[in-house]
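Subject: Structure handover

Hello,

Here is the structure for your set. My notes on it follow below.

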Amino acid sequence: PQGPDDDLSWGPHVLGVVVPYRNRFEELLEFVPHMNKFLSEKKIRHRIFIMNQVDKHRFNRASLLNVGYLVARNECDYIVMHDVDLLPLNSKLFYGYPEKGPFHISSPHLHPKYHYRTFVGGILMMTLEQFEKVNGLSNKFWGWGREDDELYQRMMEAGLTLYRHGKNAITTGYNTFKHDHDPQLRKRDYARLYNQKKESFRRDRDTGADTVEYTIQSKRQLMIDGTPCTIVNVELHCDYDVTPWCDSKQS
């Protein structure tokens, strides 16, 4: 991991930065060096995993996070699920080991776009044990949105306490992060096909980290401005009987 082996001030924990990814190369070039510098200045040992979806299906952020957990758990003892277009700017943000419960870094009063109370998207940290306790995320969310709302339900049902920064602890408000999203350049897939809309509001008790179907085509080490990251090329598998909406067009 990034961080000196012989400096005890960095602490014993290793953070896995798990990034769901597809076709965002410009953002990636900025994200990897930025995160390495940010975390190193906070003396947080870390590894960066870019979960690159290479199949032809619609983007599935939740399944990529599940696979990322399965990959990172061999080298890290906690993970942060991190959007590639959200860069932390305030050095007071907490990226340490979330021992008491999941820690939502990009909380509603700090995220530049989403402000509803139960929002847990953007940047969320969990220990491996916490992630395992909720069985990760649902694999039914192909296309954009709502997978993090279902994760919130999982955490509440599992009896986990969600932690965030107090409103007085971080005073930079909506300027706490750089949100690098151009809606014209990066169009999101909001389509709701078949009965997807109805299903997306249901608590999924059938799928999770222990049921995600995938093939890792390759793992590559990439250096960006001197910072190493692991590119994991992931082919997700779709069960059309369960989620017929995993491809863009109804056939």
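**Two loops, then the sheet**

Asp 225 lies in the loop between strand E8 (214–224) and E9. Helices (H or I, at least four residues) and strands (E, at least two) are DSSP runs, numbered from the N terminus. This is a predicted model: local features need pLDDT of at least 70, side-chain atom pairs count only at pLDDT 80 or more, and totals for chains, interfaces and linings use all residues. Residues are numbered from 1 along each chain as its sequence is written, and side-chain values use heavy atoms, with hydrogens and water left out.

Phi of Asp 225 is positive, near 50°, in a residue other than glycine. Asp 225 counts as exposed because its relative accessibility is 70%. The cut-offs are these: buried is under 20% relative accessible area, exposed is over 50%, and partly exposed is in between (1.4 Å probe, protein chains only).

Asn 23 also has a positive phi, about 55°, although it is not a glycine. Its place is the loop between strand E1 (15–21) and helix H1 (25–41). Asn 23 counts as exposed, at 59% relative accessibility.

**The sheet**

Seven strands form an open sheet. The order is E5-E6-E3-E1-E2-E9-E8, and the pairing is mixed. Two strands pair if DSSP finds at least two bridges between them. E5 and E8 stand at the edges with a single partner strand each, so one side of each has no neighbour in the sheet.

Some pairings in detail:

- E1 and E3 run parallel, joined by four bridges. Leu 15 has Tyr 78 as its bridge partner in E3.
- Strand E3 (residues 78–82) pairs with E6 in the antiparallel sense over five bridges. Here Tyr 78 stands opposite Thr 127 in E6.
- Strand E5 (residues 103–104) and E6 run antiparallel, with two bridges. Phe 103 has Met 125 as its bridge partner in E6.

How enclosed is strand E6 (residues 123–127) by the rest of the structure? Largely: five of its five residues are buried. In a regular strand the side chains alternate between the two faces of the sheet. In E6 both faces are covered. Ile 123, Met 125 and Thr 127 are buried on one side, Leu 124 and Met 126 on the other.

**Nonpolar cores**

A nonpolar core is a set of buried Ala, Val, Leu, Ile, Met, Phe, Trp, Tyr and Cys residues joined through side-chain atoms within 4.5 Å. The largest one has 35 residues. Met 51, Ile 79, Met 81, Met 126, Phe 131 and Met 155 touch the most other members. Strand E2 (46–53), helix H2 (61–72), E3, E6, H3, helix H4 (147–157) and strand E9 (227–236) each supply at least two residues of this core. H2 gives the largest share, eight residues. Another core, of 30 residues, lies apart from it; Phe 31, Phe 38, Met 125 and Ile 231 are among its members.

Phe 131 sits in helix H3 (residues 128–133). Phe 131 is buried, at a relative accessible area of 0%. Contact means heavy atoms within 4.5 Å. Leaving out residues up to four places away in sequence, Phe 131 touches Leu 65, Asn 66, Tyr 69, Ile 79, Met 81, Met 126, Gly 136, Leu 137 and Ala 209. Ala 209 is 78 residues from Phe 131 along the chain, yet their C-alpha atoms are separated by 8.7 Å.

**Cavity and pocket**

The search runs on a 1 Å grid over the protein atoms alone. A cavity is a set of points where a 1.4 Å probe fits but cannot get out. A pocket is an open set with protein on both sides within 12 Å along at least five of seven lines. Lining residues have an atom within 4 Å of a point. Points are joined across faces, edges and corners, and a volume is the space filled by probe spheres set on them.

How many cavities of 30 Å³ or more are there in the whole structure? The search finds one. The largest cavity has a volume of about 30 Å³. Its lining includes Arg 61, Leu 65, Met 81, Leu 124 and Asp 148. H2 and H4 each supply at least two lining residues.

The second largest pocket has a volume of about 230 Å³. It is lined by 14 residues; Asn 139, Thr 211, Glu 213, His 237 and Asp 239 lie nearest its centre.

Best wishes
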